[in-house]
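Colleague: I would like to learn how to read a helix and its surroundings. Can we take one feature at a time?

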Amino acid sequence: NLGVMYDKGRGVTQDDKTAVKWYTLAAEQGNASAQFNLGTMYYNGKGVGQDNKTAVKWYTLAAEQGNARAQYNLGVVYDKGRGVTQDDKTAVKWYTLAAEQGDADAQFNLGYMYDEGQGVPKNYKTAVKWYTLAAKQGYARAQNILGLMYGTGKGVIQDNVYAHMWLNIAASSGNENAVKGRDIVAKRM
């Protein structure tokens, strides 16, 4: 908690180096939240030199204890090859663990992996499942893609009403691409 206080400047002057000190003490004692936070400090180079490999070490320790954000971040580092060898299958593993805990970012990225066939066989139905879970949490990009999938019948039975609904929801969240798609679907209806 002291690490968070210094990291965010709550009740004390914001100080990244002091935050790292407290995160490290807690992380070394096995605290998953501190491990995640310390990984993030290394990933972003806050209070320490930017170091993706050390970030991965701390994310892994937290993720193995079930920390969903650490699992998501590991998905990202394996997806992009930051601090590790790029590996789509390992990215899918970590995204899945986080997505199953309800992490909308992981659900969206997992939907994308199935949509594109990255690290898993291409499966539009499974992509729709994960996009839907993220969309229901207000994730505008997932809402937009889900609208397009309903509009084209990709992974679902083609349905202009659902396409319009999801595109309209995404558009009201400020997604400009969804505005165009919604207007195209509205003309088809």
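**Reading a helix and its aromatic pairs**

Modeller: Start just after H3. There, Gly 45 takes a positive phi of about 65°. Keep in mind that this model is predicted.

Colleague: How many residues does helix H3 have, and what does H3 reach from its first C-alpha to its last?

Modeller: H3 covers residues 32-44, which makes 13 residues. Its reach is 18 Å, close to the 18 Å expected at 1.5 Å a residue. At the start of H3, look at Asn 31. A side-chain oxygen of Asn 31 comes to within 3.1 Å of the backbone nitrogen of Ser 33.

Colleague: Which residues of H3 are buried?

Modeller: First the general idea. An α-helix has 3.6 residues a turn, so residues three or four places apart point the same way. Now the case here. The buried residues of H3 include Ala 34, Phe 36, Leu 38 and Met 41. Among what covers the buried residues of H3 are helices H1, H2, H4 and H5.

Colleague: How many aromatic pairs are found in the whole structure?

Modeller: The search finds six. In one of them, Tyr 72 and Tyr 95 are tilted, 6.0 Å centre to centre with 35° between the planes. Tyr 72 lies in helix H5 and Tyr 95 in helix H6, so the pair ties together parts 23 residues apart in sequence. Tyr 72 is buried, with a relative accessible area of 13%. Tyr 95 is buried too, at 1%.

Colleague: Are Phe 108 and Tyr 139 stacked or tilted?

Modeller: Stacked, at 4.9 Å centre to centre and 20° between the planes. Both Phe 108 and Tyr 139 are buried.

Key:
Residues are numbered from 1 along each chain as its sequence is written. This is a predicted model: local features need pLDDT of at least 70, side-chain atom pairs count only at pLDDT 80 or more; totals for chains, interfaces and linings use all residues. Side-chain values use heavy atoms; hydrogens and water are left out. Helices (H or I, at least four residues) and strands (E, at least two) are DSSP runs, numbered from the N terminus. The expected span of a helix is 1.5 Å times one less than its number of residues. Buried means under 20% relative accessible area, exposed over 50%, partly exposed in between (1.4 Å probe, protein chains only). Contact means heavy atoms within 4.5 Å. A polar contact is a pair of N or O atoms within 3.5 Å; within protein, one must be able to donate a hydrogen and the other to accept it, and residues adjacent in sequence count only if both atoms are side-chain atoms. Rings of Phe, Tyr and Trp (its six-membered ring) pair if their centres lie within 6.5 Å; planes under 30 degrees apart count as stacked, over 60 as edge-to-face and the rest as tilted.
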